[in-house]
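Please keep the structure open beside the text as you read.

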Amino acid sequence: MMIVYGVVTYLLYICLAFQYVTAFVFFAFGRNNPYARFIETFYEHQPKGWYDKFMNFFYIMNYGMAHRGYVKVMEKHGGIKGKLRYAGFVFLATVILIIVANIITAIEIRLTS
């Protein structure tokens, strides 16, 4: 059971790392860069087969929240105001993740001791 927990946790942390990398690339370079154009090709609006569905899941887990968040904020606010709001959202998400990680760690310690 601990091996399954470890594997799931590892995959979740990898996905979070990709989200942060994507968020900081968008913050630094904007939407018009090769990385952004590359990840936009992963998402299919009408998936036809299992591969398209898997790639949509992969996109959402690894890039989706950072990409969609950036697009929505920049369409609404644009310019430096949009970038500052996006940075604020990333900071807020980081604080929430730290709180959740501390709660999970406390639960793990309590269960294993």
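## Helices, core and rings

Tyr-10 is found in helix 1; helices here are DSSP runs of H or I with at least four residues, numbered from the N terminus. At 54% relative accessibility, Tyr-10 counts as exposed, where exposed means over 50% relative accessible area, buried under 20% and partly exposed in between, with a 1.4 Å probe and protein chains only. Tyr-10 and Ala-28 are 18 residues apart along the chain, and 27 Å separates their C-alpha atoms.

A word on the basis of all this: the model is predicted, so local features need pLDDT of at least 70 and side-chain atom pairs count only at pLDDT 80 or more, while totals for chains, interfaces and linings use all residues. Residues are numbered from 1 along each chain as its sequence is written, and side-chain values use heavy atoms, with hydrogens and water left out.

The expected span is 1.5 Å times one less than the number of residues.

| Helix | Residues in helix | C-alpha end to end | Expected span |
|---|---|---|---|
| Helix 1 | 28 residues | 40 Å | 40 Å |
| Helix 4 | 34 residues | 49 Å | 50 Å |

Where does helix 3 bend? The bend is at Tyr-63 and comes to about 70°, taken as the angle between axes fitted to the seven residues ending there and the seven starting there. Just after helix 3, Gly-78 has a positive phi of about 65°.

In helix 1, the buried residues are Thr-9, Cys-15, Gln-19, Thr-22, Ala-23, Val-25 and Phe-26, and they pack against helix 2, helix 3 and helix 4. Helix 4 buries Gly-82, Lys-83, Tyr-86 and Val-90, which pack against helix 1 and helix 3.

Next comes the core. The largest nonpolar core has 13 residues, and those with the most contacts inside it are Ala-23, Phe-26, Ile-39, Phe-42, Tyr-63 and Tyr-86. Such a core is a set of buried Ala, Val, Leu, Ile, Met, Phe, Trp, Tyr and Cys residues joined through side-chain atoms within 4.5 Å. Helix 1, helix 2, helix 3 and helix 4 each supply at least two residues of this core, and helix 3 gives the most, with six residues. Phe-42 is in contact with Met-55, Asn-56, Phe-58, Tyr-59 and Tyr-63, leaving aside neighbours within four places in sequence.

How many aromatic pairs are there? The count is eight, with rings of Phe, Tyr and Trp (its six-membered ring) pairing if their centres lie within 6.5 Å; planes under 30 degrees apart count as stacked, over 60 as edge-to-face and the rest as tilted. Phe-26 and Tyr-70 form a stacked pair, 5.0 Å centre to centre with 10° between the planes. This pair links distant parts of the chain, as Phe-26 lies in helix 1 and Tyr-70 in helix 3, 44 residues apart. Both Phe-26 and Tyr-70 are buried. Ring pairs also join Phe-18, Tyr-35, Phe-54, Phe-58 and Tyr-63 into a cluster.

The charged end of Lys-83 sits over the ring of Phe-27, 5.9 Å from its centre; the rule asks for NZ of Lys or CZ of Arg within 6 Å of the ring centre and within 35 degrees of the ring normal.

Finally, look at the loop between helix 1 and helix 2, the place of Gly-30. Just after helix 1, Gly-30 takes a positive phi of about 80°. Gly-30 counts as buried because its relative accessible area is 7%. Beyond residues up to four places away in sequence, Gly-30 touches Val-25, Tyr-70 and Lys-83. Gly-30 and Tyr-70 are 40 residues apart in sequence, yet their C-alpha atoms are 8.7 Å apart in space.

Conventions:
Contact = heavy atoms within 4.5 Å.
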